[in-house]
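Please read it with the structure open beside you.

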Amino acid sequence: MIEDLWYKNAVIYCLSVGTFMDANGDGIGDFSGLERRLDYLVGLGVTALWLMPFQPSPMRDNGYDVSDYYGVDPRYGTLGDFVAFTHAAKQRGLKVLIDLVVNHTSDRHPWFQSARSDPDSPTRDWYVWSKTKPPHADSGVVFPGVQKTTWTYDRAARAYYFHRFYDFQPDLNTANPRVQAEILKIMGFWIQLGVSGFRMDAVPFVIAEKGPEVTGAPVEQFGMLRQFREFLQWRQGDAIILAEANVLPRQDLDYFGEDADRMHMMFNFQVNQGLFHALATATTERLLDCLEKTRARPASAQWAQFLRNHDELDLGRLSAEEREAVFAAFGPDPDMQLYGRGIRRRLPPMLSGDRRRLELAYSLMFTLPGTPVLRYGDEIGMGDDLRLPERECARTPMQWSDEPEGGFTKSARPVAPPIRSGPYGYPHVNAAVQRHDPNSLLNWLERIIRMRKEVPEIGWGDFTVLRTGAESVLGLRYEWRNNAVVCLHNLAAEPIEIRFATGLPGEGGALTDLLTGERNPPDESGRHTLLLEGYGYRWYRAGGLDYLLKRSEV
Ligand code: NOJ
């Protein structure tokens with residue numbers, strides 16, 4: 001059954017175990033704490049979790065520097081706690097995806113320690129070495145301003161090693177068949193412990209040719225992606241890989257595979273940047289261009305749509321002028337910007353905490369073609385702490401209540417400082433308070449998630465852009481199995497009246513507002529008139545009030 005592709009109509013929630021909920025009171029979030037919060041997550045309506053790296057790590061890059069792929073960092077619990085958690089998630093019908101960080105290891109990993117100290121080590125050629133410093137060593141850095149080079153000299157090895165990211169993250173030599181076999185073993189291990197797939201970190205770099213002789217754009221080994229997928233499907237048919245690959249639209253088909261035999265899902269970085277451009281400028285042209293360019297995909301492939309994640313908002317694919325417009329609107333202060341290409345803030349402060357704009361942004365993200373991905377704290381409108389370095393500012397602990405440390409921990413020494421004061425401080429912004437307020441962002445988001453799950457057309461269907469006559473209004477129609485929905489978003493602060501045709505065959509049916517039940521009948525020419533408030537949005541189903549029943553029609 002095609003409906004078995006669960007990721008097509010999922011709502012994914014990303015979290016970091018260490019900052020989510022601390023059960024044992026040591027100041028660090030743990031698997032037991034996360035397990036206690038599973039009913040909260042199910043209540044919110046999310047259907048899948050994505051856990052950021054939780055394996056043993058020196059934690060110099062928030063866990064993206066793994067020193068043991070087959071364990072749980074003792075700060076977060078034990079492997080036993082992990083399995084208790086995946087079991088509890090499964091009982092509630094929640095899928096669990098975990099980060100798979102295999103482009104590089106930590107420099108503390110025993111593989112690297114052995115490789116650097118002995119030229120005959122069995123893992124020496126698991127890494128990428130050069131006797132001399134390659135001439136292009138200072139190009140291709142991922143974190144400009146913080147990272148200086150991609151080749152660092154190691155005294156013990158008496159050679160330079162390659163690292164696409166920080167110098168404490170030596171790249172694995174992924175072309176080596178033994179490394180590839182180990183990657184499969186890692187996937188197999190976690191699948192066995194109850195996960196439903198992986199968010200694969202830095203995929204273009206994993207499959208890139210590496211070595212001192214590589215100059216310019218490295219050639220990608222796409223066959224590797226097929227190998228990963230085949231292995232995974234063989235071990236567990238419904239497991240998936242969600243790729244982090246910020247590539248140009250013409251390249252993304254290479255990642256999905258023309259025959260849908262590579263990655264199941266990819267984050268849509270194009271649309272993410274177009275979306276922020278649209279929010280910043282109240283124009284839809286750029287966003288529409290991104291949507292068009294990422295339209296054609298194999299039927300089983302899926303985009304992951306998101307607003308903000310744990311990294312900076314990367315605006316590197318926009319033109320300089322477009323990027324400046326987004327900076328001016330959402331991150332004018334140089335301290336809000338990062339790596340010369342992005343903004344490091346969370347969404348609510350970017351939107352000045354304006355509830356109308358927040359709703360617009362989430363409503364828009366939930367109605368873009370693909371599967372929505374939320375980040376912990378989004379549901380209550382958490383802010384950031386710009387005093388923290390780099391990307392840490394947007395990684396503060398979850399704010400559960402107005403108790404000390406936001407109810408995240410009973411310890412007075414939390415792993416990262418919760419936001420204690422100001423408009424985003426936990427005394428004001430927390431889950432407990434919002435639970436009791438029917439109009440809170442939390443309860444609004446819960447309603448939106450329920451609605452999104454009842455509109456499978458968005459995850460499954462094809463979209464058509466509606467002509468609304470207003471450059472600030474995005475109108476999309478989705479169709480799937482004789483059902484259709486129409487989503488309209490006004491990006492501007494001013495109200496606007498629009499007239500539009502749904503373009504559906506047999507034009508003339510009323511539209512039913514999925515949030516309020518109100519009907520919008522067509523005029524004699526078959527068109528609908530609508531007054532959209534500033535930052536207003538509507539989700540309509542074409543057809544009558546039995547819109548929920550329509551879902552079963554094939
Ligand atoms: C992408 C991750 O999202 C980021 O947080 C990390 O620093 C790099 N990959 C390196 O693993």
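1. Of the 554 residues of the protein chain, 62% count as buried. Buried means under 20% relative accessible area, exposed means over 50%, and partly exposed is in between, with a 1.4 Å probe and protein chains only. The chain exposes about 21700 Å², and carbon and sulfur atoms supply 50% of that area. Accessible areas come from the Shrake-Rupley method with a 1.4 Å probe, and for residues only the protein chains shown count as cover.

2. This is a predicted model, in which local features need pLDDT of at least 70 and side-chain atom pairs count only at pLDDT 80 or more, while totals for chains, interfaces and linings use all residues. Residues are numbered from 1 along each chain as its sequence is written, and side-chain values use heavy atoms, with hydrogens and water left out.

3. The pLDDT is the predictor's confidence in each residue, from 0 to 100. Its mean over the protein chain is 95, and 97% of the residues reach 70 or more. Over residues 544–554 the pLDDT is below 50; this stretch still has 19 contacts in the model beyond near neighbours in sequence. Contact means heavy atoms within 4.5 Å.

4. How many helices and strands does the protein chain have? There are 17 helices and 22 strands. Helices (H or I, at least four residues) and strands (E, at least two) are DSSP runs, numbered from the N terminus. The radius of gyration of the chain is 24 Å, close to the 24 Å that the globule rule gives for 554 residues, so the chain is as compact as a globular protein of that length. That radius is taken over C-alpha atoms, and the globule rule is 2.2 Å times the number of residues to the power 0.38. The C-alpha trace spans about 80 × 50 × 45 Å along its principal axes. Among contacts between residues at least 6 apart in sequence, 68% join residues at least 24 apart.

5. Eight strands form a closed barrel with parallel pairing, running E1-E2-E3-E7-E8-E9-E10-E14. Two strands pair if DSSP finds at least two bridges between them. From one strand to the next the twist averages 25°. Axes are lines fitted to C-alpha atoms, for helices over the stretch in contact, and angles run from 0 to 180 degrees between N-to-C directions.

6. The bridge partner of Met265 in E10 is Gln302. Helix H8 (residues 249–256) packs on the sheet and touches E9 and E10; the direction of H8 makes about 150° with that of E9. Gln251 has its place in helix H8 and is partly exposed, with a relative accessible area of 25%.

7. Is strand E14 (residues 371–375) mostly covered or uncovered? E14 is mostly covered, since five of its five residues are buried. In a regular strand the side chains alternate between the two faces of the sheet. In E14, Thr371, Val373 and Arg375 point one way and Pro372 and Leu374 the other way. Three bridges join E14 to strand E1 (residues 12–15), running parallel, and Tyr13 stands opposite Leu374. Three bridges also join E10 to E14, again parallel, and here Phe306 stands opposite Val373.

8. A separate point concerns an open sheet of three strands, in the order E4-E6-E5, with antiparallel pairing. Strand E4 (129–130) and strand E5 (151–154) are the edge strands, each pairing on one side only. Two bridges join E4 to strand E6 (residues 159–162), and Trp129 has Tyr161 in E6 as its bridge partner.

9. Leu476 lies in strand E16 (residues 473–480) and counts as buried, at 2% relative accessibility. Not counting residues up to four places away in sequence, Leu476 touches several residues, among them Leu291, Thr367, Phe463 and Val485.

10. Most residues other than glycine have a negative phi. Glu405, in the loop between E14 and helix H14 (431–435), has a positive phi near 60° and counts as buried at 10% relative accessibility. Asn482, in the loop between E16 and strand E17 (483–490), has a positive phi of about 65° and counts as exposed at 62% relative accessibility.
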